[in-house]
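Subject: Structure handover

Hello,

Here is the structure we spoke about. Please open it first, then read the notes below it.

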Amino acid sequence: MVKTALDRYTEVLVDALNDCGAKLRKSFQTAFIQAMLLYMVIPNKINFTQMGRYGESCEQRFRQLFSRQFDWMSFNLSLMRRMFPAGGRKAIAIDASYISKAGNRTPYIGKFWSGCAQASKRGLEILGVGVIDVDLHDCMMLRAIQTPGAEKMRSLGDGYGLAEWYLDSLE
């Protein structure tokens with residue numbers, strides 16, 4: 001029997017879910033794997049409505065799945081251990097990325113640096129944290145953290161800026 005790429009992807013997901021140490025119900029695992037497969041195959045815009053349309057479950061099940069607490073860091077570390085051999089040279093990488101966003105109701109909307117535009121623009125920022133395998137010349141994302149806006153930064157104390165936020169996020 002020949003395994004397809006999606007079959008192998010499913011095996012990797014199941015192994016990572018089992019290795020991350022959380023006691024997960026079978027129904028959660030099934031819905032999680034289905035959601036990850038849908039991310040692979042749905043073209044363009046991916047939201048709960050699209051997942052309900054193309055998946056085997058209803059839209060509400062995907063909404064409930066993503067509203068639950070899940071330890072993404074240990075899941076991604078489990079994937080990283082599977083993909084990168086032990087004992088290799090590794091480094092931590094961070095990258096702040098600007099996301100354009102219109103509207104006034106989005107939390108933490110503010111002015112952030114856009115490297116593409118070479119200017120500060122109104123929108124959102126996420127801090128991506130990854131692990132680089134120096135020998136394989138490859139990187140795996142571990143976590144993405146939304147950067148708070150200027151008002152939230154001011155409420156954290158005098159002298160507290162983006163550099164302190166990045167350091168606290170890494171910690």
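Which residue forms a salt bridge with Glu59? The partner is Arg63, and the closest N and O atoms of the pair are 2.7 Å apart. Please keep in mind that this is a predicted model.

Glu59 and Arg63 both belong to helix α4, which covers residues 59-67. They are four residues apart there, so about one helical turn separates them. Glu59 is partly exposed, at a relative accessible area of 28%. Arg63 is also partly exposed, at 37%.

**Other salt bridges**

Side chains of opposite charge can pair when their charged atoms come close. The search of the whole structure found five salt bridges. Another one of them joins Lys3 and Glu11, with 2.4 Å between the closest N and O atoms. Lys3 has a relative accessible area of 45%, so it counts as partly exposed. Glu11 is partly exposed too, with a value of 32%.

A further salt bridge links the side chains of Arg89 and Asp135, at 2.8 Å from N to O. Arg89 sits in the loop between α5 and β1 (90-100), while Asp135 sits in the loop between β3 (119-133) and β4 (138-146). The pair therefore ties together parts that are 46 residues apart in sequence. Arg89 is exposed, with a relative accessible area of 51%, which is over the 50% cut-off. Asp135 is partly exposed, at 41%.

**The largest pocket**

Rolling a probe the size of a water molecule over the atoms shows where empty space is left. The largest pocket holds about 350 Å³ of space. Its lining is made up of 14 residues, and those nearest the centre are Tyr9, Met36, Tyr39, Phe66 and Trp72.

Which helix gives the most to this lining? The answer is α5, with four residues. At least two lining residues come from each of α1 (5-19), α2 (26-41), α3 (48-54) and α5 (72-83). Sorted by class, the lining has twelve nonpolar residues, two polar ones and no charged ones.

**A residue in α5**

Is Ser74 buried or exposed? Its relative accessibility is 18%, and buried means under 20%, so Ser74 counts as buried. The Ser74 side chain makes a polar contact of 3.0 Å with the side chain of Asp71.

Regards

Methods
Residues numbered from 1 in each chain as written. Predicted model: local features only at pLDDT ≥ 70, side-chain atom pairs only at ≥ 80, totals over all residues. Heavy atoms only, no water. 1 Å grid on protein atoms, 1.4 Å probe; cavity = no way out; pocket = protein on both sides within 12 Å on 5 of 7 lines; lining within 4 Å. Points joined across faces, edges and corners; volume = space filled by probe spheres on them. Nonpolar A, V, L, I, M, F, W, Y, C, P; charged D, E, K, R; others polar. Buried < 20%, exposed > 50% of the residue type's maximum accessible area, 1.4 Å probe, protein only. Polar contact = N/O pair within 3.5 Å; in protein donor to acceptor, adjacent residues only side chain to side chain. Salt bridge = Lys/Arg side-chain N within 4 Å of Asp/Glu carboxyl O.
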